[in-house]
Structure formats: structure tokens, C-alpha cells
Amino acid sequence: MKPCNAFFIPLFALFCFSCAGGNSGKIMPEHITAGTKEMARGIARYNKGCYKDSLEYFFKAHELFVASDQLSGVAMSLNNIGNVYRITGDFESAFLFFDEAFAIYSDMDDPLGGVQVLSNKVAALIDGDRLEQAEKVLNIAEEMAKKNRILFGPLLTNKGIILIKKTEYSRAEELMQTALSNTNPENPLEFATVNFALGKLMFETQRYEKAMDFFKTALKADRLSGYNKSIADDLAAIGSAYLKLEKDELAVNFLKRSVEIYALIGNHKKVQNIMEKLEKVSEKTGIDLSITKHFVNRWLEGKALESPCE
């Protein structure tokens with residue numbers, strides 16, 4: 001399942017030029033902008049699925065923000081590091097970095113930053129199947145958001161996903177539809193996540209045609225943002241829905257595209273899972289997987305000529 005908030009790396013603050021008479025502007029000192037540049041590089045690598053590289057850039061950004069005592073940047077980099085650990089399955093490390101980021105945002109009296117970090121921690125707890133803890137942290141985040149009049153859609157999405165996990169489908173659907181109506185399509189990462197979650201709900205309740213509609217909307221948004229892992233997740237989900245509908249040729253089309261992206265970004269676990277599905281369909285339909293296997297094996301061996309992570 002696609003991580004619900006993996007993309008919630010807060011948008012880093014680009015240090016803008018302050019206007020000073022028409023065409024001239026004040027250039028910020030290099031030590032002020034250095035951390036932001038590393039953050040931007042890390043986010044770009046993260047979106048490509050290059051998590052080892054992104055972690056290195058986020059650590060660099062953290063050091064630069066610490067050296068120049070930019071607390072907002074320090075907290076942001078810690079949050080981003082937590083996101084990398086979360087998506088790679090190291091939940092205990094993720095929690096440590098999220099907690100430290102939250103402490104700094106609290107000291108700064110920055111409730112929006114605090115709510116964002118708590119939302120990411122909730123997502124990590126959901127990923128780790130710690131639903132009771134996730135609900136507790138979610139309640140804290142919701143209280144903080146309410147107190148400070150903050151509208152933060154991902155909290156509603158997280159709540160809906162918890163309900164899906166608990167098989168409380170009616171309540172989950174109501175919440176997710178509300179989340180969708182409050183999500184701006186111009187924010188492709190958030191829009192994709194809500195649609196994917198609704199697709200998952202439809203899939204779990206055996207409404208496979210509707211599931212595909214939501215998954216395909218998520219795919220369109222993820223393509224726009226260039227978030228490679230989520231694109232692969234979307235394709236895999238669409239393929240799985242087609243399998244349920246016994247439309248095997250269409251299923252193979254999407255599963256092949258999915259497994260090739262997973263191979264390019266080096267996600268061995270996902271490759272194994274998708275290839276097992278493809279093998280079963282191949283035995284049933286006689287569809288040849290030779291070319292797909294050739295490229296998947298080549299890319300997993302690190303022989304891609306244009307790897308996203310190079």
C-alpha cells in the first residue's frame with residue numbers, strides 16, 4: 001500500500017529577494033541559503049525514490065541550518081530525515097526525528113510545523129500497524145490544529161486511513177470524501193494521496209471499477225509531481241484491481257509498468273511481490289514476460305544507463 005503521507009516533506013522556504021527599487025534586490029548571504037539548497041536537492045532525490053541520496057542531502061541541510069542557528073530549517077530537516085526513515089521502514093528512527101522536530105517547533109511556537117510533524121508521525125505509526133498510538137497522536141494534532149485554527153487536510157486523510165485499517169468503512173468513506181472535497185488539485189502530492197486512499201477503500205469493499213477511477217486520478221497527479229514510487233504504487237494498485245475484474249491483459253500492462261519503476265529505484269521487495277503476480281497471470285494467459293524480466297533483472301543489478309538515482 002502506498003504510504004499515505006510519505007510526500008509530506010514540508011515545502012522548504014525559498015529565500016526570496018526583497019525588492020529594493022525596481023530591478024535590484026538584496027542577495028541573501030550564502031550561509032543563509034546553503035541549507036535550503038541542500039534541502040531542495042534532498043527533496044528532488046526523495047521524489048525520485050532515491051532515499052539513500054536524499055538522506056545524505058537532508059543531513060547536510062541539517063548541519064548547515066544548525067551552524068547558522070536557523071531553527072525552522074533545523075526542525076524541517078529533522079522532519080524530512082524522519083520521512084526518509086519512515087518510507088524505508090525504520091520506524092523507530094523516524095519517531096526519534098519526528099519527536100525532535102516537534103520539540104523545536106513547540107519551542108518556536110510554530111503550531112503549523114508541529115501539526116505537520118505530528119501528521120507524519122501518525123502516518124509512520126499507521127505504516128507500523130500501531131493504530132492505537134496513531135489515534136492518540138492524531139488526537140493531539142487535531143486539538144493543536146483546532147486551537148490554532150489550522151486547516152490541515154492530511155489529518156483527515158490519516159483518520160480515514162486508520163478507519164480503513166479498522167474496517168470501519170462507512171465512517172472512513174465519509175471522512176475521505178470530506179478530505180477530497182477540501183483538497184486542492186493544484187497540490188498534486190496531497191491530491192494523489194487522498195485519491196489513492198479512497199481507491200484503497202473502494203478496493204477493500206470490492207468496488208473495483210470505482211477503485212480504478214481513484215487510482216487513475218492519483219496516478220495522473222503523481223505523474224505531475226514526478227514522485228516515482230507513488231507512480232509505481234498507483235500502477236500496481238490499478239493492475240491489482242484489473243486482476244480482481246479478471247481483465248488479465250490490462251492487469252499485466254499496469255503491473256509490468258509498475259515493476260519496472262520499482263526495479264529502477266531498487267525496491268527489491270516490491271519487485272518480488274509484483275513479479276509473483278505477473279508469473280501467476282502469465283501461467284494462466286500465456287503472456288510472455290521475457291523482456292520485462294530482462295530489464296527488471298538488469299536494473300536490479302545496477303546496470304541502468306539512466307537510473308533516477310544517478
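Contact here means heavy atoms within 4.5 Å. In this predicted model, Phe-95 is found in helix H4, which covers residues 91-107, and, once its neighbours within four places in sequence are left aside, Phe-95 is in contact with Lys-121, Ala-124, Leu-125 and Arg-130. Because its relative accessibility is 8% and the limit for a buried residue is under 20%, Phe-95 counts as buried. Between the C-alpha atoms of Phe-95 and Gly-239, which are 144 residues apart along the chain, the separation is 33 Å.

## The nonpolar core

The largest nonpolar core has 93 residues, and those with the most contacts inside it are Leu-198 and Leu-278. Helix H9, made of residues 188-204, gives the most to this core, with ten residues. Leaving aside neighbours within four places in sequence, Leu-198 is in contact with Met-176, Gln-177, Leu-180 and Phe-214.

## Overall fold and dimensions

The secondary structure of the protein comes to 14 helices and two strands. Its radius of gyration is 21 Å, close to the 19 Å that the globule rule gives for 310 residues, so the protein is as compact as a globular protein of that length. The C-alpha trace spans about 65 × 45 × 40 Å along its principal axes, and, among contacts with a separation of 6 or more, residues 24 or more positions apart account for 59%.

## Surface and charge

Of the 310 residues, 51% count as buried, while the protein exposes about 15600 Å², of which carbon and sulfur atoms supply 52%. There are 38 positive and 41 negative side chains, and the centres of these two sets lie 3 Å apart.

Methods. Residues numbered from 1 in each chain as written. Predicted model: local features only at pLDDT ≥ 70, side-chain atom pairs only at ≥ 80, totals over all residues. Heavy atoms only, no water. Core = buried A, V, L, I, M, F, W, Y, C linked by side-chain atoms within 4.5 Å. Buried < 20%, exposed > 50% of the residue type's maximum accessible area, 1.4 Å probe, protein only. Helix = DSSP H or I, 4+ residues; strand = E, 2+ residues; numbered from the N terminus. Rg over C-alpha atoms; globule rule 2.2 N^0.38 Å. Areas by Shrake-Rupley, 256 points an atom, 1.4 Å probe, with all protein chains shown as cover. Lys, Arg positive; Asp, Glu negative; His and termini not counted. Charge placed at Lys NZ, Arg CZ, Asp CG, Glu CD.
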